[in-house]
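The sequence and the structure are shown below.

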Amino acid sequence: ATPLSVMVSTGRAAHMGVLIRSAEALEQSGHVNAVVLDKTGTITAGRPSLTDVLPLGIWRQKPDDLLALAATAEHDSEHPLAAAIIADAKQRGLLTGKSQREAFQVHAGLGITCTVDGHAVAVGNTELIDRLDVGMPSTGNEDLDAIIADMDGLAAQGKTPMLIAVDGELAGIVAVADTVKPDSAQAIAALQSHGIAVTMLTGDNETTAHAVAQQVGVDHVIAGVRPENKADEIAKLQAQGYTVAMVGDGINDAPALVRADVGFAIGTGTDVAIQSADVTVMSGSLQGLVHEIDLAHAALRNIN
Ligand code: ADP
Ligand code: MG
């Protein structure tokens, strides 16, 4: 039978909006000594907004057209980065709805491609642009080193820079920024004071990831991880002897949530994340995770 202390702790957690799927999940939580946090939507609010548009070549004369093209190309994307680009273009009144879109394609963990009014448009990270064999702008005498410096400068501010290519040429940089949730730093400090190693896991680039990690006091960062490889990073920590909790909100995080010793779905996470998780923190605050681990320790003390 389930020990009474486990039932009491599970009930207390439920009162705080922390839903624990099983007695085993609670017990495992008491043994966790490594917590892996997804960045977007877990540490940050997950509602990024557009901060910068840096057009290149001929697009320097028509930055609004570039933004409209990028937003139109992103129309069918479900990524929060796409939502930020689209919302900004809409707010500036740039979307007429008359553009023809064809051949939209998601490149998971890289970006998107779409043909807009006959123009091949790509929006994504440097790896996507490399793969598509995009060239420098044919007009305007642009300098690759300056473009790279701009990307790095945006990332160092914790923003996510993306490149836009049109018809096989670089056309500009856009950047999007997300704010950290108000109590992320406090919750991370509490976990660390329990002797738990805290790691950030993200598909975002190294520089952006480190800038955000620094804001919330996370000292281990695993960046540039493709969605299909997130679970492998959990397995690596387990192979080092850690009992691992994974915390995430997205479809991308589901395999890692399943692989972890305890999977936490946070907030208004996607249904897939919630179904894959052992614990759901309904408030969306990382403090819910801290409370659950505290309750697990209390329950274990009473059993042993
Ligand atoms: P995260 O782990 O932060 O959810 P993803 O694995 O979804 O990140 O994406 C990794 C990177 O791929 C993003 O930081 C971005 O550079 C690029 N990317 C992904 N989706 C898009 C998109 N729809 N538009 C532009 N860039 C994208
Ligand atoms: Mg995410």
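## Nonpolar cores

The largest nonpolar core comprises 50 residues, and those with the most contacts inside it are Val-35, Val-36, Val-244, Ala-245, Met-246, Val-247 and Phe-264. A nonpolar core is here a set of buried Ala, Val, Leu, Ile, Met, Phe, Trp, Tyr and Cys residues joined through C-beta atoms within 7 Å. A residue is buried if 20 or more other C-beta atoms lie within 10 Å of its own, exposed if 12 or fewer, and partly exposed in between, with C-beta atoms placed from the backbone. Helix H13 (residues 287-303) supplies the largest share of this core, six residues. Helices (H or I, at least four residues) and strands (E, at least two) are DSSP runs, numbered from the N terminus.

Leaving aside residues up to four places away in sequence, Phe-264 touches Ala-245, Met-246, Val-247, Ala-277, Val-279, Val-281 and Leu-289. Contact requires that the C-beta atoms of two residues, placed from the backbone, lie within 7 Å. A second, separate core has 39 residues, including Ala-89, Leu-110, Val-121 and Ala-165.

## Basis of the model

The model is predicted: local features need pLDDT of at least 70 and side-chain atom pairs count only at pLDDT 80 or more, whereas totals for chains, interfaces and linings use all residues. Residues are numbered from 1 along each chain as its sequence is written, while chains are lettered from A and ligands numbered from 1 in the order in which they are written.

## Domains and their contact

The domain assignment gives domain 1 (4-46 + 179-303) and domain 2 (49-177); such bounds come from an automatic or database domain assignment. The centres of the two domains, taken over C-alpha atoms, are 32 Å apart.

Twelve residues of domain 1 are in contact with eleven residues of domain 2. On the side of domain 1 that touches domain 2, helix H9 (residues 206-216) contributes the largest share, five residues. By class, this side has three nonpolar, seven polar and two charged residues. Ala, Val, Leu, Ile, Met, Phe, Trp, Tyr, Cys and Pro count as nonpolar, Asp, Glu, Lys and Arg as charged, and the others, Gly among them, as polar.

## The seven-stranded sheet

Seven strands form an open sheet of mixed pairing, in the order E1-E13-E12-E11-E2-E9-E10. Strands pair if DSSP finds at least two bridges between them. Strand E1 (18-20) and strand E10 (220-222) stand at the edges with a single partner strand each, so one side of each has no neighbour in the sheet.

Within this sheet, strand E2 (residues 34-38) runs parallel to strand E9 (residues 197-201), joined by five bridges. Leu-37 stands opposite Met-200 in E9.

All seven residues of strand E7 (residues 160-166) are buried. Thr-160, Met-162, Ile-164 and Val-166 point one way from E7, and Pro-161, Leu-163 and Ala-165 the other way.

Strand E6 (residues 119-124) pairs with E7 in the antiparallel sense over four bridges, with Ala-122 opposite Ala-165. E7 is also joined to strand E8 (residues 169-177) by seven antiparallel bridges, and Glu-169 in E8 is the bridge partner of Val-166. The hairpin of E7 and E8 has two residues between the strands, and Asp-167 takes a positive phi near 50° there.

## His-107

His-107 is found in strand E4 (residues 101-107). This residue counts as partly exposed because it has 15 C-beta neighbours inside 10 Å. Not counting residues up to four places away in sequence, His-107 touches Ile-112, Thr-113, Gly-124 and Leu-128.
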